[in-house]
Structure formats: C-alpha cells, structure tokens
Amino acid sequence: MTIDFPVSIEIFGHSVLIHPILESVGIFIAMRYYAFLRKRNKSSLTIIQSFSIIIGALIGALLGSKIIGTLENSQALLDAKNQFLYFWTSNTIVGGLTFGLIGVEITKKIIGHKESTGDLITFPLILAMIIGRIGCFLTGVYEQTYGVETTSIFGMDLGDGLYRHPVALYEIVYLIILWIVLRIIQKKYTYPSGSIFQLFMLAYFSFRFLLDFIKPIHPLFLELSSIQLTCICIVIYYIFKINQSKYKTINHE
C-alpha cells in the first residue's frame, strides 16, 4: 500500500490537511476522557479550580510549543519575511508539555492548591498525543516531524522520494507501550499522588531526547537542539522529584 503525502480530505470543496483535524479530534476525545475519569475518581478540586488549571495548562502549552518550536531553527525566524507568522506556525509537543507544566504550577499557586493534579490527565494526554502523531505521520515531510535518511527496513518514503525514519510511528509505538507499563504500575502498586504523571514525563522526555538524534536538527548549543536541551532539563527535574517521593511497592493482586 502506498500513501500520497501529505494526506488531505475534501471539506466543502476545499482540500484540508488531515493533521490539524486529527489534532483537534485528539484534544476533544482526550478532554472527554479526562471528564469521565474526573467524574469516576473523587478529586479535592472544585469545578472552578479544575477549569482554572486546565486554562493555565493550555496557555502555557500554547506559548511553550511555539517558543521551543521557533528555537528549533532560529535562523529561519530571522530569515522569515513574516516573523510573527513563522513563530505562530512553529510547534512542538515538548515545548507544550514543558510550559503547560509551568502554567499548571503557576495556576495552582494562584488558587492555593497544593495537591498534585497530574495523574488524572496522564492517560488522556497520551491518547491525544497518539492521535496527533497519526496526523504527523500522514503529513510526511511537509512538517518538521520526519526522520533522517536510513537504509534500515523501517525506512519509508514520506513524500520526497527518500527513505527516512518514520519517527512519528516510532513515537506512537512507544506511547502505546508506555501506556501499558503505566497502567500496570497504576494497578499493581501504591504510590504518592502525582507519581504516574512524573513517570510519564521522565519516560517521554528521555525518549524524545534520543529520538531527535535521528531527526534533522539545527543545533542550538553543544550540538543539541532546543528540544533536546529542554528534554535534558525536564529529565533532571523529574529525576530529583521522583527521588524525593517514597514509592510503596504494595502488590494489589
């Protein structure tokens, strides 16, 4: 089976890329999944507090995805005829997660909520990322979500006639495996509040740091990209945070 990249669909006579559609669908499904989990699990957060934290996360994620995404190729920003448009169209999930976290922590300080809130959003977040990455894959080389050339059996023609690492597919597989592992941990062990989210962030950012070595990058510092430098900071942060937690390996079976 061959795929013509980028994949688009016809809507009211106009050709629309499938990627933004899948991203929107992923966010919608994730929010409904989060609402379902929140209803099923008792939370000390009021509806207003929960809404405030979500808004804080979204604002942080929006800004962060564009800041880190723009720094991926700062020279292109300087060369762009419309620098604001270049900034606005530059996105990366790494920046979104990083600044979304900052947005949540700032919001929690404002509303005076100290309890960790990450566990409930972990699996909806992974689900949204998987759906979004399907859109990334279907866009091929027409967005910055493809790998370098390769002669391995995994190489695919993503629209430019060259065989490249389909890094979006790699990430989808990794996220599915991570989902399964985190669910096993969630069911089998007792752990401090927030630990599932911490493990997710540590695992995902470690993976992304390594994955970007097989993607075309524009080094920002020490031959590392802005995404890789951000990943290092987050990994170090969560290593210290997890070390401060006291995990109880109590088997629930």
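This is a predicted model: local features need pLDDT of at least 70, side-chain atom pairs count only at pLDDT 80 or more; totals for chains, interfaces and linings use all residues.

Student: Why are H6 and H7 called roughly antiparallel?

Tutor: The axes of H6 (residues 119–139) and H7 (residues 167–188) cross at roughly 165°. Angles over 145 degrees count as roughly antiparallel, so H6 and H7 get that label. Their axes come within 9 Å, and H6 passes H7 in a left-handed crossing.

Student: What makes the contact between them, and which classes do its residues fall into?

Tutor: On H6 the residues include Phe 123, Ile 130 and Phe 137, while H7 brings Leu 175, Trp 179 and Leu 182, among others. The contact of H6 with H7 divides into 15 nonpolar, two polar and three charged residues. Arg 133 of H6 and Glu 171 of H7 are among the contact residues, and Arg and Glu count as charged.

Student: And how do you know whether H6 and H8 are parallel or antiparallel?

Tutor: The axes of H6 and H8 (residues 195–211) cross at roughly 30°. Angles under 35 degrees count as roughly parallel, so H6 and H8 are roughly parallel to each other. Those axes come within 7 Å, and H6 passes H8 in a left-handed crossing.

Student: Which residues make that contact?

Tutor: Among them are Phe 123, Met 129 and Arg 133 of H6, with Phe 197, Phe 200 and Arg 208 of H8. The residues of the contact of H6 with H8 divide into nine nonpolar, two polar and three charged.

Student: How do the residues lining the largest cavity divide by class?

Tutor: The lining of the largest cavity has three nonpolar, one polar and four charged residues.

Student: What about the second largest pocket: which helix gives the most to its lining?

Tutor: That's H1, with six residues. H1 (18–40) and H2 (47–71) each supply at least two residues of the lining, which includes Tyr 34, Arg 38, Phe 51 and Ile 54. The second largest pocket has a volume of about 200 Å³, and its lining has six nonpolar, one polar and three charged residues.

Notes: Residues are numbered from 1 along each chain as its sequence is written. Side-chain values use heavy atoms; hydrogens and water are left out. On a 1 Å grid over the protein atoms alone, a cavity is a set of points where a 1.4 Å probe fits but cannot get out, and a pocket is an open set with protein on both sides within 12 Å along at least five of seven lines; lining residues have an atom within 4 Å of a point. Grid points are joined across faces, edges and corners, and a volume is the space filled by probe spheres set on the points. Helices (H or I, at least four residues) and strands (E, at least two) are DSSP runs, numbered from the N terminus. Axes are lines fitted to C-alpha atoms, for helices over the stretch in contact, and angles run from 0 to 180 degrees between N-to-C directions. Angles under 35 degrees count as roughly parallel, over 145 as roughly antiparallel, 65 to 115 as roughly perpendicular and the rest as oblique. A crossing is left-handed if the near helix is turned anticlockwise from the far one by less than a right angle, and right-handed if clockwise. Contact means heavy atoms within 4.5 Å.
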